[in-house]
Amino acid sequence: MQVLMFLLKRFGWMIVTVWIVFTISFFLMRHIPGGPLNGERVLSEAVRARLEARYNLDAPLSEQYFTHLWNTMRLDFGPSFKLQDYTVNEVLAQGLPVSAALGILGMVFAISIGMTSGVISAVRRNSVYDYSFMLLATLGIAIPNFVLAAMLIVIFVFNLQMFPAAGWGDLNQIILPAFCLGAPFAGYIARLTRTGMLEVLGNDYIRTAYAKGLSPRTVVLKHGLRGALLPVVSYLGPAIAGILTGSLVLERIFVIPGMGSHFIEAAIQRDYTLAMGALLTYTVLLFVMNTMVDLAYSIIDPRVKLE
Amino acid sequence: MVRFLRKYFPICLLLLAGVSVIWAVNLGTLPPAEFVFNNGTEVKTIDPAKATGVPEGRVINALYEGLLRSVPDGDPDELGRTPTKPKAVAMADDYRVSNDGTVYTFHIRDNAKWSNGDPVTAVDFAWSWMRFLHPETASEYNYQLFYAVNASKFAFVDLQEGDPVEVEMKDRPVPGQMFPRGTVRHGRLVSLLQPHDDHQSAADDGHGHGGGGISGAAIFVVEFQQDGTVTTAAYTTQAVESEEIQALVNAYQGEYDLSELTSVEHVLFDFEHVGIKAISRNEFEVTLNSPTPYFPELVAFYPLHPVHRPSLEKYGDREFTKPGNLVGNGPFLLKERRIRDRLRLVKNDQYWNAENVHLESVDVLAIQSETTSLNMYLNGQLDWDTKPPNTLIPLLKQREDFVSTPFLACYFYRVNTSKPPLDNPLVRKALNMAIDKQSIVDNIVKGGQIPARSFVPPGMNGYESAYCGEYNVQEAKRLLAEAGYPNGQGLPTIEILYNTADSHRDIAEVIQQDWKKNLGVDVSLRNLEWGTFLDTLRVGDYMVSRSGWIGDYADPNTFLDMFVTDGPNNQTKWSSRAYDNDIERAKYESDPAKRMAIFKEAEQRLMDEQPIIPIYFYVSLNMVNTRVKGFSANLQDVHPLHLLSIDSRGAED
Amino acid sequence: MSISDPQKSELERLTAILREAHEVQGVSLWADAWKRLKRNKAAMLSLWTLCVIVLLAILTPALPLQSPIFQDVKNRELLPPALDSYSLGIGEYDLETDRLRAEARKLEVGSAEYVEIQEAIAARQQTHPIDLYWNNPGFITRGLIKLRLAVFGDYCIPSIFGTDKLGRDVLSRVFWGSRVSLACGFIATLVSLIIGVSYGAISGYLGGMVDNIMMRLVDVFYSIPFIFIVIFIMSFLSSPDIRLTLQEYNIDQIHVFFLLIGAIYWLTMARVVRGQVISLKNEQFIEAAKTIGATRMQIVFRHLVPNVMGIVIVYLTLTIPAVIRFEAFLSFLGMGVNAPDISWGLLVNEGVQVITILKTYWWMIAFSGMALALTLFALNFLGDGVRDALDPKLKNK
């Protein structure tokens, strides 16, 4: 019941957020000079008028706003201007899984690498492992992912020829971008895990657990890891936001046909409908992810109450 | 529940991660295609009637086939370029031209088939061309067919009283979908009722579906003859209740019977009276306004490729292009399409010449980054790269897989002749002569481009280009002084506009330096992002602007008819009665040699007045894997996919 | 006199106590933190590195560097790092001007030749290479450049970082790029600081309904993908009409860009400050301020805000690198600074565009990438150190 109320409330706020984003970007877009109908060749006035009528661009702005808002509410973003064979919904339906796959893999990389190195660092505190892992973690946080991508391309694509240069549709092609996407977050997670574990391992009940004769492995994995999980889960919210934006760049470098590519192209080419669709999808995605993280947080920590 | 989740949270998380990784990894892997090339960008559409660009052309030419096909044919010229010619090696196996050069009769081959097995007939072409011209299609290229009798009347709804008209009722079987059309009645326009004051205003307000040539509110009184009886009816393309129409009704109530005014979709010039006709199943006849020697080239051009009517009517204007729905008549079929990733084409077994199509599958990629594209080519992921980056061209040039040749395209600067001091032809000529075009070609673009001394590129059949002078600083200075600006004194700053891409900035900067150094002219640069750039150019808010033009066909007309007075692509505000006359005269000249002479005269006018400054002629730059056979350097940089094959012996690169 | 004596001594005594208390407290918070920070070697090293980087960035115009924007496509395209000397040639230019002046002096004032030469001199001064090489620098920058010309003359550090595809010196570009990137980091962070602290403090102090609404709003903002909105706004700003309007008010596009980034990085700051303020607002010193009649705004900005500075500084050190990275990210996408302005993100982007299997122009990306990474790395380490130092509770974290 409580969960239901929480979700309902959040849903309400999501509607507000989406509406704000919609309104801001709608008026921003319509005031940018240059329109979606500009092409290499100049349209004759008649053709132009036709096309404007087709896309309802000739109506007064307020009318366009409400029509578009109503359609958006019905989840119909309309046809794409620059991908004329598709509706925006179809473009998003194709792009979203690609970005999602990249994001999920990036996240899995981040969590697995981050938590493993964090645990090792915590257990072997002040050892060479600890220092080098923490150094690497800071490095991962500091280096922007496109610099990392360029470096990895030179090493793994040009020199070692282990991966293809770019593209999508093959397991080989997903590893490099996913790794670059996950690297900064792996760094953060490693540090959070280490801190969380050190805090837990200093507690009395850990000593009790050791005293009971539990093996160090059990103690570390069962109790220590649980302590480290909290900060990591609470970090997932911002991490997801970061993954979303990070994939913009990586999709561009590695030529991945995901949402990010669609959005940037749409913004540059003034594809009003597609840009709007992608923007709102990102908003909803971010909101849903944040909500899920809050839910997960309340699940693993009984002290947290949903509000 | 929560308790359970709490206990097993880490395990749940792991499971979730595992499942999503498996899902992500399995996301639509495709088996590799036999031939992969980079098309440079995502195609805007694969509907022939709506497409406009070169990348679109490559795909559409593979999926569809017109009456004729432009193919490399004949012996290479002195630059190693194979000429391209429109030949009846496509849907038509033969065509005839009447003696006066105005009637073309195409014979469609008997084994021409759509990919679903339906025969391709003359009716398909007539219908497709009708759709292409139809105002509701709003095809950007529709002017390509305006050579046919009455075609522009049909497209622009340019109606006079007495014209034959077709009226489409508002009873379309699928609402909101253009085809199948509603009931069409054929009659004769008796009267066209319009408000008196704005009779002449040009632009359509966009609300009416009929307007275009006809602006604003209009009532069409149409007369029908059936079995000897004559009936008349009044139509409007707007809502009958609308204020404007009611005002019209009140104004004309006394003269005409408007009590049964009906709202309809369209009142158009009757297509049956347009010079495009299916005479029989195989005979397709086109009647032109004037002899147009390059008409075969237009017929081979992809906007005029036919579309399959049943599938279009079934799936609608957009859905019919989807893989699975698309029925084509070209050498390839659309198997799969991933937006901004690739189009997968496979061989079409129903193609009339399928036995000579060698590639089984082709991937068309949409990579925009030139560097990435080249990397993928060098990495073996691509077989054909269409645009290697300028920086690396000197290195690439030495390789045997670098295929490059000048083709029919010109890089030039538009000069806005309405802005002083550029309204003075002497100034424009001086600016032209002060540019070291050779240096631009050698140091910036580097691909072996040809410095341009004319606007029409060399290589047009039987055409010798005009001439606008060499790089000559002394002469340029003299011209500028003659114009009243000795040593550039008193000349305001000239602004060069360019779009943010490629080497435009570099070229602009070299020219800036040339003008400053040679003429003492101050130059500022202004770069705009593509969309804004086009807008600025269109409204004429510029002084000098970077431009480029690729010839649609191998005839000077494709370059020269741009600059007629108020031509939509003129954009320089330049206007010359003599020039307009020349272009018009060339249309009706049937003697090729005389025609070319007229064009040369016109181009010379253009070069003397210099509303444009030609910089260089493009070269095609292709990286093609040596295992690919059948790839020829040609004049229009067209490389039909069905002519290519893979030599597996040369596979190890 | 005698009457006032006890009062005076009492006053002195109280003042002394106050001063002592003041000193003791002042010393214990900040000096203690500084002491702790000094013990952290990594953080100190980072601090010094950053100081050097910032100093170099500020002094860039005065360093003997080549022009960051002057192109020489013909002769210097994509040269690998080398030690060949390079001269600016401004000396020759000035010599030539001087020669003309000398010639003019010989001529009769007012003669046609004299006027011609004077005009030529004026023209030469108007199109001086300084404007060409440094894109019409502002007043301070011009002064530094003149200083550099006075000290080093035409001498330039050779292109030890190589040249780019338009023949420009990469070393010089990296230095000039640092100015934009660092300025962006600091200005944008300052903006976020002002917005975030005010917002958080007001929300926390007022509490109740206002707090609720303000924090809900922050929640809403959290879910807005700002990067996308910034991309919109940037392409909006780059349109000519808008640019002209901005120019009329003498605003550079890049300044708006800084503000924009700052304006989206205040959310977390606001939350943190609010939390601190809520826990502080029932403390006695606030009560005391209330009793002496301080207004709400005074309480918030004079009493509460200084007390949350510790946590704010910690957060600040984390925001600066985030902002620098964000700027780089936008410039990389072609949505950030525009030529002829240079930033590290832009340089890295140029570098990425020329790495190919055929030939790797590694110097195009290596140095700018390294500069960016080094700065961010140092900022991160320093941030960790400051956090440990200021908040002992967080130690070990």
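Reply: Ile496(B) is placed opposite Val544(B), a residue of strand E22(B). This is a predicted model, in which local features need pLDDT of at least 70 and side-chain atom pairs count only at pLDDT 80 or more, whereas totals for chains, interfaces and linings use all residues; pLDDT is the predictor's confidence in each residue, from 0 to 100. Residues are numbered from 1 along each chain as its sequence is written, and chains are lettered from A and ligands numbered from 1 in the order in which they are written.

Strand E22(B) covers residues 544-550, and five of its seven residues are buried, so this strand is largely enclosed by the rest of the structure. (A residue is buried if 20 or more other C-beta atoms lie within 10 Å of its own, exposed if 12 or fewer, and partly exposed in between, with C-beta atoms placed from the backbone. Strands, of at least two residues in state E, and helices, of at least four in state H or I, are DSSP runs numbered from the N terminus.) Strand E20(B), residues 494-499, pairs with E22(B) in the parallel sense over two bridges; two strands pair if DSSP finds at least two bridges between them. Strand E18(B), residues 402-415, runs antiparallel to E22(B) and is joined to E22(B) by seven bridges. Within that pairing, Phe412(B) has Ser547(B) as its bridge partner.

Strand E1(B), residues 35-38, also has parallel partners. Four bridges link E1(B) to strand E16(B), residues 361-365, in parallel, and Asn38(B) faces Leu365(B) there. Two bridges link E1(B) to strand E17(B), residues 384-385, again in parallel, with Phe37(B) opposite Trp384(B). In a regular strand the side chains alternate between the two faces of the sheet. In E1(B), Phe35(B) and Phe37(B) point one way while Val36(B) and Asn38(B) point the other, and all are buried.

Chain B also holds an open sheet of six strands with mixed pairing, in the order E10-E9-E8-E7-E6-E11. Strands E10(B) (262-263) and E11(B) (266-269) form its edges; each has a single partner strand, so one side of each is left without a neighbour in the sheet. Strand E6(B), residues 164-168, and strand E7(B), residues 184-193, are antiparallel and joined by five bridges. Val167(B) stands opposite Arg185(B) of E7(B). Helix H5(B), residues 243-252, lies across E7(B), E8(B) (219-226) and E9(B) (229-236), at about 65 degrees to E8(B). (Axes are lines fitted to C-alpha atoms, for helices over the stretch in contact, and angles run from 0 to 180 degrees between N-to-C directions.)

A further open sheet of chain B has four strands in the order E4-E5-E13-E12, paired antiparallel. Its edge strands, E4(B) (92-97) and E12(B) (276-278), each pair on one side only. On average, neighbouring strands of this sheet are turned by 20 degrees against each other, direction ignored. Strand E5(B), residues 103-108, runs antiparallel to E4(B) and is joined to E4(B) by five bridges, among which Val97(B) faces Tyr104(B). Helix H3(B), residues 122-133, packs on this sheet and touches E5(B), E12(B) and E13(B) (283-287); its direction makes about 155 degrees with that of E12(B).

Chain C is built otherwise, with 18 helices and zero strands. Of its 397 residues, 35% count as buried. An automatic or database domain assignment sets the domain bounds: domain 1 of chain C spans 45-58 + 169-394 and domain 2 spans 85-156. Taken over C-alpha atoms, the centres of these domains are 41 Å apart.

Between chains A and C, 41 residues of chain A are in contact with 38 residues of chain C, contact requiring C-beta atoms, placed from the backbone, within 7 Å. On the chain A side, H1(A) gives the largest share, 10 residues. That side divides into 32 nonpolar residues, eight polar and one charged. (Nonpolar are Ala, Val, Leu, Ile, Met, Phe, Trp, Tyr, Cys and Pro; charged are Asp, Glu, Lys and Arg; the others, Gly among them, are polar.)

As to confidence, chain C averages a pLDDT of 81, and 90% of its residues score at least 70. Where pLDDT is low, the predicted coordinates should not be read in detail. For the complex, the predictor gives an ipTM of 0.84 and a pTM of 0.84.

Definitions and conventions: Contact = placed C-beta atoms within 7 Å.
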